[in-house]
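Trainee: Could we go through this chain together? I would like to begin with a single residue and then widen the view.

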Amino acid sequence: AAAAIAAADEGAAVLLVDKAPKGHHGGNTRYCMQVMTAVDPAKQGETLAYYQALRGNKSTSSDEILAAWIAESAQNPEWLAAMGANPQPLYDTYPGEYPEYAPNDAVVPMALDGVTFDSGMWRFLASQVEQRSDLVDAWHEAPAVKLLRDPQTGVVLGATVLLDGAEVNVRARNGVALS
């Protein structure tokens, strides 16, 4: 939903597919605790070190991907507020998720209106998708089953979607976002 909103706001025509039926769509965003992570923009370096420690000796995600994720998550509160949401920090001091690492006060868990477990984030994002229905087409009970790639370059060109029991190849003009 967030990717669809951002793309539509840049003028893109968006197809959002969800394997769940309407009314149960939204995946983890609908059913989770409804917490998003924001990062104190002044502490992005500390945050990178924290996430590098969490990553340990794994090869994914790269430092570049972590840095991009951190920089973008610093903008989450303002992005949501610009659409009319009220993101609020959940803790005065974040206790941290992993006791073996020092808590990072640059990571700020937030929820809309400071409320968790109420599907509030999902309801808000779903309403924003609906407001952009001129640019966002949503297919429910339509799982993406395969990425379509250029055989020479490997570039993702679209996806195969199972719609009403038939496979439909969807060509992407400017990219495919997965979540």
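Trainee: Is K22 buried or exposed?

Mentor: K22 is exposed, with a relative accessible area of 53%. Buried means under 20% relative accessible area, exposed over 50%, and partly exposed in between, with a 1.4 Å probe and protein chains only. Please bear in mind that this is a predicted model, in which local features need pLDDT of at least 70, side-chain atom pairs count only at pLDDT 80 or more, and totals for chains, interfaces and linings use all residues. Residues are numbered from 1 along each chain as its sequence is written, and side-chain values use heavy atoms, with hydrogens and water left out.

Trainee: Which side chain does K22 meet in a salt bridge?

Mentor: The partner of K22 is E130, at 3.7 Å from N to O. A salt bridge here is a side-chain nitrogen of Lys or Arg within 4 Å of a carboxyl oxygen of Asp or Glu.

Trainee: Why does that pair tie together separate parts of the sequence?

Mentor: E130 lies in helix α6 and K22 in the loop between β1 (14–17) and α2, so the pair joins parts that are 108 residues apart in sequence. Helices (H or I, at least four residues) and strands (E, at least two) are DSSP runs, numbered from the N terminus. E130 itself is partly exposed, at 49% relative accessible area.

Trainee: How many salt bridges are there by this rule?

Mentor: The count comes to four. One of them is between R132 and D9, whose closest N and O atoms are 2.7 Å apart. R132 is in the loop between α6 (120–131) and β5 (136–139), while D9 is in helix α1 (residues 2–9), 123 residues away, so that this pair too links distant parts of the chain. R132 counts as buried at 12% relative accessibility, whereas D9 is partly exposed at 43%.

Trainee: And what does R123 pair with?

Mentor: R123 forms a salt bridge with D118, with 3.9 Å between the closest N and O atoms. D118 is partly exposed, at 29% relative accessibility.

Trainee: Let us turn to R30. Where is it, and what does it touch?

Mentor: R30 is in helix α2 (residues 27–31). Leaving aside neighbours within four places in sequence, R30 is in contact (heavy atoms within 4.5 Å) with G23, H24, H25, S119 and W122.

Trainee: What about N28, is it buried or exposed?

Mentor: N28, also in helix α2, is exposed at 60% relative accessible area. N28 and W122 are 94 residues apart in sequence and 9.1 Å apart in space, C-alpha to C-alpha.

Trainee: Now the whole chain. What does its secondary structure come to?

Mentor: The chain has six helices and eight strands, running α-β-α-β-α-α-α-β-β-α-β-β-β-β from the N terminus. The C-alpha trace spans about 50 × 40 × 30 Å along its principal axes.

Trainee: How much of it is buried, and how many of its contacts join residues 24 or more positions apart?

Mentor: Buried residues make up 29% of the 179 residues. Of the contacts with a separation of 6 or more, 59% are between residues 24 or more positions apart.
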